[in-house]
Amino acid sequence: MSTWNSRGLRGSSLEEFVNITNDAYHKENLALIQKVPTPITPVKIDKESRHITLAYFEQKSTVDYIGAVQGIPVCFDAKECHADTFPLANIHEHQVSFMSDFEKQGGISFILIYFSKDDLYYYLRFEEMIRFWNRGNLGGRKSFTKSELEDRFFFKAKGFRIPYLEMLLQDLNERDE
């Protein structure tokens, strides 16, 4: 069982930038994307500050974000990577299952990866993610490298904003072809 003070908040600055971006998209009437809260059960509470100091996750979460972009349902997870190799262990089976079901319902699923060493973002399309996932499940490498990724889906932040909608539009255009 995972605890609150474990490794679960490693990508919190990335999530903060995604939240800033989502707020801006909402104010501009481009999208309504919400952070999916992870249900927890408090175990220890500091009585003075009334802060939770230890908790357990009640259930496996689905993805970090879900919502709609101009009427199109989207869901995605935000992951941070400190090297040029991304371990598939960072993507959980229940997330893959949820994203697959979401795609079957006509939604768009993706993973937003921040390669912190290079200050570079990558929009990992569901189709690309599932190809790496299946390769790992069939006995192949259980990771992928930056060099295996498609150049056209790398992008930079613009200040505190992570303009992932530009990549989503590109993804949608390619799906329509």
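Predicted model: local features only at pLDDT ≥ 70, side-chain atom pairs only at ≥ 80, totals over all residues.

A charge sits over a ring if NZ of Lys or CZ of Arg is within 6 Å of the ring centre and within 35 degrees of the ring normal. A second case involves lysine 35, whose charged end sits over the ring of tyrosine 65, 5.6 Å from its centre.

Residues are numbered from 1 along each chain as its sequence is written, and side-chain values use heavy atoms, with hydrogens and water left out.

Now to the overall architecture. The protein has 4 helices and 10 strands; helices (H or I, at least four residues) and strands (E, at least two) are DSSP runs, numbered from the N terminus. Along the sequence, these elements follow the pattern α-β-β-β-β-β-β-α-β-β-α-β-β-α. The protein has 177 residues, of which 40% count as buried. Buried means under 20% relative accessible area, exposed means over 50%, and partly exposed lies in between, with a 1.4 Å probe and protein chains only. Among contacts (heavy atoms within 4.5 Å) between residues at least 6 apart in sequence, 64% join residues at least 24 apart.

How are the strands arranged in the open sheet? There are 6 strands in it, in the order β1-β4-β5-β7-β8-β10, and the pairing is mixed. Two strands pair if DSSP finds at least two bridges between them. β1 (31–35) and β10 stand at the edges with a single partner strand each, so one side of each is left without a neighbour in the sheet.

The hairpin of β4 and β5 has 2 residues between the strands, and in it glutamine 70 takes a positive phi near 50°.

Helix α4 (residues 164–176) lies across β1, β4, β5, β7, β8 and β10, and runs at about 135° to β7. Axes are lines fitted to C-alpha atoms, for helices over the stretch in contact, and angles run from 0 to 180 degrees between N-to-C directions.

I turn next to the aromatic residues. How many aromatic pairs does a search of the whole structure find? It finds 15. Rings of Phe, Tyr and Trp (its six-membered ring) pair if their centres lie within 6.5 Å; planes under 30 degrees apart count as stacked, over 60 as edge-to-face and the rest as tilted. The rings of phenylalanine 76 and phenylalanine 110 have centres 4.6 Å apart and planes at 10°, so this pair is stacked. The pair links distant parts of the chain, 34 residues apart: phenylalanine 76 is in β5 (residues 72–81) and phenylalanine 110 in β7 (residues 108–115). Both of these phenylalanines are buried.

A tilted pair is formed by tyrosine 122 and phenylalanine 154, at 4.5 Å centre to centre with 55° between the planes. Tyrosine 122 belongs to β8 (residues 120–125) and phenylalanine 154 to β10 (residues 154–155), 32 residues apart. Tyrosine 122 and phenylalanine 154 are both buried.

Finally, two loop residues deserve attention. Most residues other than glycine have a negative phi. Asparagine 29, however, has a positive phi near 60°. Asparagine 29 lies in the loop between α1 (12–27) and β1, and is exposed, with a relative accessible area of 64%. Aspartate 119 has a positive phi of about 50°. Its place is in the loop between β7 and β8, and aspartate 119 is partly exposed, at 40% relative accessible area.

Thank you for your attention.
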